[in-house]
Amino acid sequence: MSKAKVPRNFRLLEELEKGEKGLGAESCSYGLDDGDDIMMSNWTGTILGPPHSAHENRIYSVRIHCSEQYPEQPPSVTFISRVNLPCVDQTTGAVDATKLPCLAQWRYEYTMEHVLVELRRSMGIPQNKKLPQPPEGSTF
Amino acid sequence: MALPKRIIKETERLVAEPVPGIEAVPHEDNLRYFDVSIHGPAQSPYEGGVFKLELFLPEDYPMTPPKIRFLTKIYHPNIDRLGRICLDVLKANWSPALQIRTILLSIQALLGAPNPDDPLANDVAQRWKEDEPGAIATAREWTQKHAAP
Amino acid sequence: MSEMSEDDFVSGGSDGEFDIDESMESDFEEEEYGTQYLDDKDDRPQKKAYEVDFSVLTENQIKTAQHNVVEEVSSILGFTQENSAVLLRHFKWNKEVLIEKYMDGSQKLLQEAGVDLTGSNKPEFKVIPGFSCDICCEDEPGLETFALRCNHRYCADCYRHYLSQKIKEEAEAIRIQCPSDGCKILIDPMSIQMLAGPDVMVRYNELLNRTYVEDKENLRWCPAPNCEYVVDCPVTQKQLQEIVPTVLCTCGHHFCFGCGSNDHQPCPCGLVKKWLKKCEDDSETANWISANTKECPKCQSTIEKNGGCNHMTCRKCKHEFCWVCMGPWNEHGTSWYNCNRYEEKSGIDARDVQAKSRASLERYLHYYNRYANHEQSGKLDKDLYIKTEKKMTMLQSASGMSWIEVQYLDAASKVLQQCRQTLKWTYAFAFYLQRNHLTTIFEDNQKDLEMAVEGLSELFEKPTDQLANIKVEMMDKTAYVSNRRVILLDTTAKGLQDGTWEFTVEF
């Protein structure tokens with residue numbers, strides 16, 4: 001161990017502050033579901049669909065759950081908005097952690113923003129950007 | 001990198017000469033991470049309560065202040081719903097000569113002397129200014145409900 | 001070019017889009033050589049109403065300026081240059097206030113500024129037997145220590161870390177206090193020089209310069225990335241209701257001296273701030289609307305806008321329409337153009353609150369969409385230019401034109417960019433403009449500029465092989481567009497100065 005290891009709660013507070021101040025990526029945002037949840041476990045993220053893809057101008061909501069083991073363990077991510085992507089279970093909306101590189105090769109330094117940005121990127125890659133999408137606004 | 005001498009000394013002293021009404025115990029797997037409890041000061045609405053906090057000494061400590069927050073719910077104008085604390089010595093007025101013990105004492109003092117003019121929890125501060133007896137009563141209720149020892 | 005004078009304009013002259021004639025070209029060349037209007041012999045004022053006096057300073061000039069004031073104050077008050085500098089910084093470089101306060105009592109003044117002349121310790125490195133540092137708890141023999149006059153002693157390493165934290169991480173330079181809790185003594189520049197490593201020193205000097213510029217109302221750093229020039233302009237914050245002080249840095253960046261944002265003429269800073277705030281608050285709605293208007297109004301197929309021109313032709317059904325209002329293009333004609341003006345809806349039942357709020361949203365969206373459209377078009381025009389630039393080389397070899405001869409494309413592109421920027425802000429301006437008999441003048445100007453810009457933008461989108469043949473036309477249009485902008489800015493700025501515009505909000 002060469003660096004001080006930031007404990008879960010302080011790490012989540014850092015992420016929250018970054019999200020609140022809007023310092024992160026413009027196309028993604030996230031916030032606490034319940035401002036009274038002292039354990040900061042449940043979050044909602046939004047992703048603005050990338051341009052030049054079937055997702056352009058769509059806004060997707062995802063639920064993010066950070067367990068007690070976060071950030072040792074990756075968060076679990078589930079789409080609320082219906083979306084057709086190879087890494088998303090088409091009945092539950094759950095993101096298959098083995099199919100999203102940043103979740104599969106999770107590292108301690110990764111954040112929820114990383115996950116949202118990577119989900120957005122996966123919407124825009126050539127093999128996914130033209131996938132037919134369910135009606136806008138539908139939910140799982 | 002081994003734990004800096006400063007942190008080792010401070011931890012030793014916290015154990016050897018504990019501050020009355022304050023406890024700070026490092027986690028075994030992370031010696032920069034402390035479980036803290038603070039007793040509500042006498043003659044304050046927090047009297048009789050034991051408040052749990054967590055404290056973390058960041059990489060640059062003591063050049064940067066420790067990070068601290070309440071884990072016990074508390075009704076106080078300078079502490080928000082997530083337990084974050086608004087206190088000058090934790091921000092701009094931090095000095096590397098300050099220590100964990102002095103900071104925890106400052107927090108205990110803050111419980112005894114809420115400052116609604118420098119609020120973190122706006123709704124609480126508002127109430128504190130408009131209806132102080134009512135706010136104090138709520139603070140007392142919350143202490144009994146959430147901070148019972 | 002006399003027909004383009006503002007007198008003509010104010011009298012509601014017929015300066016429409018037909019005024020393109022040979023005189024345009026000569027005017028254009030004037031602008032190319034940067035001598036616009038200056039060598040005109042007539043009685044026109046040298047400076048346009050929208051122009052302000054300013055100069056661009058280098059970092060060295062800033063340093064010299066500081067040094068001169070420090071020397072002056074030092075000789076008046078009899079303090080060392082170092083202490084004079086600390087005092088000047090404390091008083092935000094206001095020499096007069098400093099000297100006045102000094103007359104009231106020098107000792108108090110020094111204390112207030114964090115200069116301590118009473119402490120007895122000489123700030124230097126010392127090895128003290130049996131010393132233990134209160135910050136790092138090191139106590140090995142031979143430990144190098146340091147203390148200011150107040151004699152709060154710590155090891156030199158902690159001092160260095162402390163300075164590095166303050167200077168590099170917290171960007172603090174002039175208010176770094178002794179590390180001891182509650183000690184208000186400032187770490188003086190000499191001590192900083194003794195302690196800080198070269199990288200920290202570089203940052204420290206940068207910060208000193210930065211604070212100087214920030215403290216002086218007449219100075220502002222050029223906000224362009226990596227630009228190190230400073231602009232000196234006498235316009236004060238109080239004047240920002242009457243003037244939009246746009247300056248041009250030596251690096252080529254146009255910006256507003258008042259607020260530091262990109263050139264936002266003709267819209268005053270206060271309105272820009274309100275407008276951006278409003279756009280942020282209402283962006284969801286605006287997004288929804290713009291997301292829903294990207295289909296051909298005739299065949300509903302999706303249209304991708306790939307150039308800055310608003311004249312759209314659907315690839316599928318060949319329907320021609322205006323991107324802004326979605327109306328058929330042929331209705332725009334050349335004689336009238338109703339795409340810039342929001343027809344205030346009349347006959348709304350004032351008591352119907354819902355209808356009212358819907359109307360106010362519609363009104364906002366009208367202006368917002370046009371604002372956003374020019375912003376977008378500006379970006380697209382730039383993209384287009386980058387592509388064109390590559391082809392300029394090809395054009396040279398194909399047509400036998402020289403590099404100089406193809407520069408008209410560069411000029412056209414720059415004018416387009418600038419005018420899009422201006423047009424964008426005319427919509428924010430118009431949104432807050434109280435409708436009165438003068439509003440029409442503004443809208444007519446806006447309309448003329450907008451039409452001219454669309455015309456030029458359309459030429460710009462022609463295939464490369466046609467660009468050589470339309471050189472003269474393009475140069476004419478460029479000059480014309482450029483002039484329309486000058487006229488619009490000039491009359492708007494005059495109105496601001498004279499207070500003839502009425503606004504729906506205070507700013």
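## Contact between chains B and C

In this predicted model, twelve residues of chain B are in contact with twelve residues of chain C, where contact requires that the C-beta atoms of two residues, placed from the backbone, lie within 7 Å. On the side of chain B that touches chain C there are six nonpolar, two polar and four charged residues; in this classification Ala, Val, Leu, Ile, Met, Phe, Trp, Tyr, Cys and Pro count as nonpolar, Asp, Glu, Lys and Arg as charged, and the others, Gly among them, as polar.

Because the model is predicted, local features need pLDDT of at least 70 and side-chain atom pairs count only at pLDDT 80 or more, whereas totals for chains, interfaces and linings use all residues. Residues are numbered from 1 along each chain as its sequence is written, while chains are lettered from A and ligands numbered from 1 in the order in which they are written.

## Overall make-up of chain C

Chain C has 16 helices and ten strands, these elements being DSSP runs numbered from the N terminus, with helices of type H or I and at least four residues, and strands of type E and at least two. Of the 507 residues in chain C, 30% are buried; a residue is buried if 20 or more other C-beta atoms, placed from the backbone, lie within 10 Å of its own, exposed if 12 or fewer do, and partly exposed in between. Among the contacts in chain C with a separation of 6 or more, 62% are between residues 24 or more positions apart.

## Two helix pairs of chain C

Helix α14 (residues 439-460) and helix α16 (residues 471-498) of chain C have axes that come within 9 Å and cross at roughly 155°, the axes being lines fitted to C-alpha atoms, for helices over the stretch in contact, and the angles running from 0 to 180 degrees between N-to-C directions. α14(C) and α16(C) are therefore roughly antiparallel to each other, given that angles under 35 degrees count as roughly parallel, over 145 as roughly antiparallel, 65 to 115 as roughly perpendicular and the rest as oblique. Their contact involves residues including C:F442, C:L449 and C:L456 of α14(C) and C:M474, C:V481 and C:L488 of α16(C), and by class it has twelve nonpolar, six polar and five charged residues.

Helix α3 (residues 59-77) and helix α4 (residues 81-90) of chain C pack at an angle of about 110°, with their axes 9 Å apart, and α3(C) and α4(C) are therefore roughly perpendicular to each other. Here C:V69, C:V70, C:E71, C:V73, C:S74 and C:L77 in α3(C) meet C:Q81, C:S84, C:A85 and C:L88 in α4(C), a contact whose residues divide into six nonpolar, three polar and one charged.

## Strand pairing in chains C and A

In chain C, three strands form an open sheet with antiparallel pairing in the order β1-β6-β5, where two strands pair if DSSP finds at least two bridges between them. Strands β1 (55-57) and β5 of chain C stand at the edges with a single partner strand each, so one side of each is left without a neighbour in the sheet. Neighbouring strands of this sheet are turned by 30° against each other on average, direction ignored. The antiparallel pairing of β1(C) with β6(C) extends over three bridges, and C:L57 stands opposite C:V230 in β6(C).

In chain A, strand β1 (residues 28-32) pairs with strand β2 (residues 42-48) in the antiparallel sense over five bridges, with A:C28 opposite A:I47 in β2(A). Seven bridges join β2(A) to β3(A), and these two strands also run antiparallel; A:N42 stands opposite A:H65 in β3(A).

## Backbone exceptions in loops

Most residues other than glycine have a negative phi, and most peptide bonds are trans. A cis peptide bond, with omega about -5°, joins A:Y70 and A:P71, and A:P71 lies in the loop between β3 (59-65) and β4 (76-79) of chain A. In chain B, a cis peptide bond joins B:Y61 and B:P62 with omega about 5°, and B:P62 is placed in the loop between β3 (50-56) and β4 (67-70).

B:Q43, which is not a glycine, has a positive phi of about 65° and is found in the loop between β2 (33-39) and β3 of chain B; B:Q43 is exposed, with 8 other C-beta atoms within 10 Å. The phi of C:N226 is also positive, near 65°, and C:N226 sits in the loop between β5 (219-221) and β6 (230-232) of chain C, where it counts as exposed with 6 C-beta neighbours inside 10 Å.
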